[in-house]
Amino acid sequence: MNNLLFTAIITSILVALGRGKVGYTLTAFGSILGVGLLVGILMGNVTEALLLSTEIQAIYLGFTQSGGVIASDSIIATAITVPLCLATGLDRDAALALAIPVGTVAANLTTLIYIINGQFYRNALSCADKGDDKGLARN
C-alpha cells in the first residue's frame with residue numbers, strides 16, 4: 001500500500017504542475033497518456049497502464065468542452081482510475097466504467113473550487129477598495 005500512496009502523491013503533484021502551465025517540460029503530465037505513462041512507471045506496469053490510458057483516451061475523444069463548461073475531467077479520471085486498476089487487479093472494462101463517473105465528479109469539484117475562489121476574489125477587491133493591506137493578505 002505504500003507504493004500506492006507514493007504513486008498518488010507523485011502523480012497528484014505532477015498533474016497539478018502539468019495542468020498549471022508552469023513550464024513546457026511538465027505539460028505532458030497534463031494529458032491522459034502522460035499520466036498513464038507516469039503511473040505505469042511508478043507502479044512497475046507500463047504496458048497495462050498505457051493500454052488502459054489509451055482506452056480512456058478513446059472514450060474522451062468524443063467529449064467537447066464548448067462554452068467553457070467541463071463535462072468531465074479526463075486527466076483526474078485517468079490519475080485515479082489507472083492506479084486503482086493496477087493496484088487492485090480490476091479488469092479494464094470495469095475500470096473504464098469507473099473512469100466516467102470519477103471524471104464527472106472531478107469536473108463538478110473543479111467548478112466548486114472556482115466558485116469558492118471567486119468569493120476570495122470578491123473579498124480581495126473590497127479590501128483593495130478600502131486600502132486594507134491586512135485584508136488583502138488574508139485573501
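Contact here means heavy atoms within 4.5 Å. The structure is a predicted model, in which local features need pLDDT of at least 70 and side-chain atom pairs count only at pLDDT 80 or more, whereas totals for chains, interfaces and linings use all residues. Residues are numbered from 1 along each chain as its sequence is written, and side-chain values use heavy atoms, with hydrogens and water left out.

By this criterion, and with residues up to four places away in sequence not counted, L86 touches V39, M43, N45, E48 and A49. L86 is also among the residues that touch the most other members of the largest nonpolar core, together with V35, V39, L52, I56 and V82. This core holds 18 residues, a nonpolar core being a set of buried (under 20% relative accessible area) Ala, Val, Leu, Ile, Met, Phe, Trp, Tyr and Cys residues joined through side-chain atoms within 4.5 Å. At least two residues of the core are supplied by each of α2, α3, α4 (74-88) and α5 (92-130), helices being DSSP runs of H or I with at least four residues, numbered from the N terminus; the largest share, six residues, comes from α4.

Helix α2 (residues 32-43) packs against helix α3 (residues 46-60) at an angle of about 160°, the axes lying 8 Å apart. The two helices are therefore roughly antiparallel to each other, a term applied to angles over 145 degrees. In their contact, I32, L33, G36, L37, G40 and I41 of α2 meet V46, A49, L50, S53, T54, I56, Q57 and Y60 of α3.

Methods: Axes are lines fitted to C-alpha atoms, for helices over the stretch in contact, and angles run from 0 to 180 degrees between N-to-C directions. Angles under 35 degrees count as roughly parallel, over 145 as roughly antiparallel, 65 to 115 as roughly perpendicular and the rest as oblique. Buried means under 20% relative accessible area, exposed over 50%, partly exposed in between (1.4 Å probe, protein chains only).
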